[in-house]
Amino acid sequence: MAMIDNAQKVPFGAVSTYRISSALYGVAEDVLSWNARRTMAAEFRKLTPTELEDIGLSAASADMKDAGFFGRIVARIRHKVDTMRTVRELDRLSPKLLDDIGLTRAHVEFMRDRASLL
């Protein structure tokens with residue numbers, strides 16, 4: 001059985017051109033992503049804490065979107081403090097009140113465990 005070699009040779013410089021264009025495309029994607037995060041964070045900073053809460057964010061998580069390394073650490077600590085404060089407030093509620101807002105003690109315990117892992 002004869003084997004037919006139908007593979008064509010790659011034109012000279014095609015691989016290098018592909019790698020360069022791929023790298024430039026990656027850099028462009030990174031810049032566009034950074035700019036989108038930056039503008040989104042600027043919009044988040046314009047919102048009040050109540051408006052942030054309405055869309056499911058805290059001020060700390062909104063800050064985390066564009067913060068540098070240390071800013072993300074600070075934002076994570078703020079988020080943990082906020083979560084623990086929420087857990088303490090939920091602990092004070094009676095089972096009836098928790099049921100009225102659609103939560104159980106198991107939900108509160110889950111939040112407590114989750115906050116301790118952050």
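Start by selecting Asp100 and Lys96: both sit in helix H5 (residues 95-100), four residues apart, which is about one turn of the helix. Helices here are DSSP runs of H or I with at least four residues, strands are runs of E with at least two, and numbering goes from the N terminus. Asp100 and Lys96 form a salt bridge, with 3.3 Å between the closest N and O atoms. That term stands for a side-chain nitrogen of Lys or Arg within 4 Å of a carboxyl oxygen of Asp or Glu. Both residues are exposed, meaning over 50% relative accessible area, while buried is under 20% and partly exposed lies in between (1.4 Å probe, protein chains only).

Before you go on, a word about what is on your screen. This is a predicted model, in which local features need pLDDT of at least 70 and side-chain atom pairs count only at pLDDT 80 or more, whereas totals for chains, interfaces and linings use all residues. Residues are numbered from 1 along each chain as its sequence is written, and side-chain values use heavy atoms, leaving out hydrogens and water.

**Next stop: Asp91 and Arg105**

Show the side chains of Asp91 and Arg105, which meet in a salt bridge at 3.7 Å, N to O. This pair links distant parts of the chain, as Asp91 belongs to helix H4 (residues 69-91) and Arg105 to helix H6 (residues 105-117), 14 residues apart. Asp91 is partly exposed at 32% relative accessibility, and Arg105 is partly exposed with a relative accessible area of 32%.

**Then: helix H1**

Select Lys46 and Glu43, another salt bridge, where the closest N and O atoms are 3.3 Å apart. The two residues are about one helical turn from each other because they are three residues apart in helix H1 (residues 14-46). Is Lys46 buried or exposed? Lys46 counts as exposed, at 62% relative accessibility, whereas Glu43 is partly exposed at 46%. In total, the structure holds six salt bridges.

Stay in helix H1 and pick Val27. Together with Val31 and Trp34, Val27 makes a nonpolar surface patch of about 310 Å². Patches take residues with over 30% relative accessible area and no salt bridge, joining like charges within 9 Å and nonpolar side chains (Val, Leu, Ile, Met, Phe, Trp, Tyr) within 5 Å.

**Zoom out: the whole chain**

Switch to a cartoon view. How many helices and strands does the chain have? There are six helices and zero strands, giving the pattern α-α-α-α-α-α along the sequence. Of the 118 residues, 14% count as buried. The chain exposes about 9700 Å², and carbon and sulfur atoms supply 62% of that area, computed by the Shrake-Rupley method with a 1.4 Å probe; for residues, only the protein chains shown count as cover.

**Last: colour by confidence**

Colour the model by pLDDT, the predictor's confidence in each residue, from 0 to 100. The chain has a mean of 77, and 78% of its residues reach 70 or more. Among the elements, H5 has the highest mean pLDDT (88) and helix H3 (residues 59-64) the lowest (59). Where pLDDT is low, the predicted coordinates should not be read in detail.
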